[in-house]
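Hi,

Here is the structure I promised to send over.

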Amino acid sequence: MITALIVDDEPNLAQHLERLLAASWPDLEILGTAHNGREALAKVESLGPDILFLDIRMPGLSGLQVAAELPDDIHVVFVTAYDEYAVNAFEVAAADYLLKPVTEERLETTIKRLQPMLNNNSAPTVELQKLVAQLKGDSPSYLQWLRAGLGDTTQLIPIDDVVYLQADQKYTSIMTPDAEHLVRISIKELEQQLDPNKFWRIHRGIIVNVSDISQAKRDLRGRYQITLRRRGELLRSSQSYSQVFKQM
């Protein structure tokens, strides 16, 4: 019996992947899930899974830090939401990866790659430690792409195409020159992944691409009315965030 462990800090996504695996690979035994890096390492040691479906972005120990501690004989499938640069590295190294949200079709491709190796007791095809070192050394610090989903369609949005972001309760609206996209991630979390030299928070609920600011006009209360280069609406800063314009 081939066994697997799923590691993802978002329980709903872990459950989604587990359901897909149950449907596409009924002979696979899911030993359980882990929701952070330390729990993952403990369960790998106690359960000894053949396969680890490993989320890269997690609080505390990241997926890459977990991978650096794994035994050489475990087959790792990285799961990633944004990291296009990392995806390129996976392809070069012949490691497997899944993009969130995981689809049945892409998962079946992964299963077809794994099954022959596992049935023949073959070692993983990638030297995991070399890959981890490459990703840690070369991966950019900030988001390069945003992924927006609508139904069964996923769209990749280059970060340079983003004019501004606006909070919408638990979601964030991504404004590009000619469209609006909704992503299920808070503006606070996105802010932590954006280059602060390229994106400024001008309001509790608004982050703007600095290169899209055509004009910033200050009023008597110290707030700014912002004219954009690639969209027609005007944005208004709040007084508490107006200090960013001193950099202009």
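This is a predicted model: local features need pLDDT of at least 70, side-chain atom pairs count only at pLDDT 80 or more; totals for chains, interfaces and linings use all residues.

How many salt bridges does the structure hold? The count comes to eleven. I'll go through three of them.

Start with Asp8 and Lys100, whose side chains meet in a salt bridge at 3.1 Å, N to O. Asp8 sits in the loop between β1 (3-7) and α1 (11-24), while Lys100 is in the loop between β5 (96-99) and α5 (104-119), so this pair ties together parts that are 92 residues apart in sequence. Are the two partners buried or exposed? Asp8 has a relative accessibility of 5%, so it counts as buried. Lys100 is buried as well, with a relative accessible area of 10%.

Lys100 has another partner to look at. Asp55 forms a salt bridge with Lys100, and here the closest N and O atoms are 3.2 Å apart. Again the pair links distant parts of the chain: Asp55 belongs to strand β3 (residues 51-55), Lys100 to the loop between β5 and α5, and 45 residues separate them. Asp55 counts as buried too, because its relative accessibility is 2% and the cut-off for buried is under 20%.

Now for a pair elsewhere in the sequence. Arg201 and Glu191 meet through their side chains in a salt bridge of 2.6 Å, N to O. Arg201 is in strand β11 (residues 199-203) and Glu191 in helix α7 (residues 187-193), ten residues apart. What about their accessibility? Arg201 counts as buried at 14% relative accessibility, whereas Glu191 is partly exposed, with a relative accessible area of 32%.

Which residues do salt bridges with shared partners join into one network? They are Asp8, Glu10, Asp55 and Lys100.

Strand β13 (residues 213-218) pairs with strand β14 (residues 224-228) in the antiparallel sense, over five bridges.

Cheers

Terms used: Residues are numbered from 1 along each chain as its sequence is written. Side-chain values use heavy atoms; hydrogens and water are left out. A salt bridge is a side-chain nitrogen of Lys or Arg within 4 Å of a carboxyl oxygen of Asp or Glu. Helices (H or I, at least four residues) and strands (E, at least two) are DSSP runs, numbered from the N terminus. Buried means under 20% relative accessible area, exposed over 50%, partly exposed in between (1.4 Å probe, protein chains only). Two strands pair if DSSP finds at least two bridges between them.
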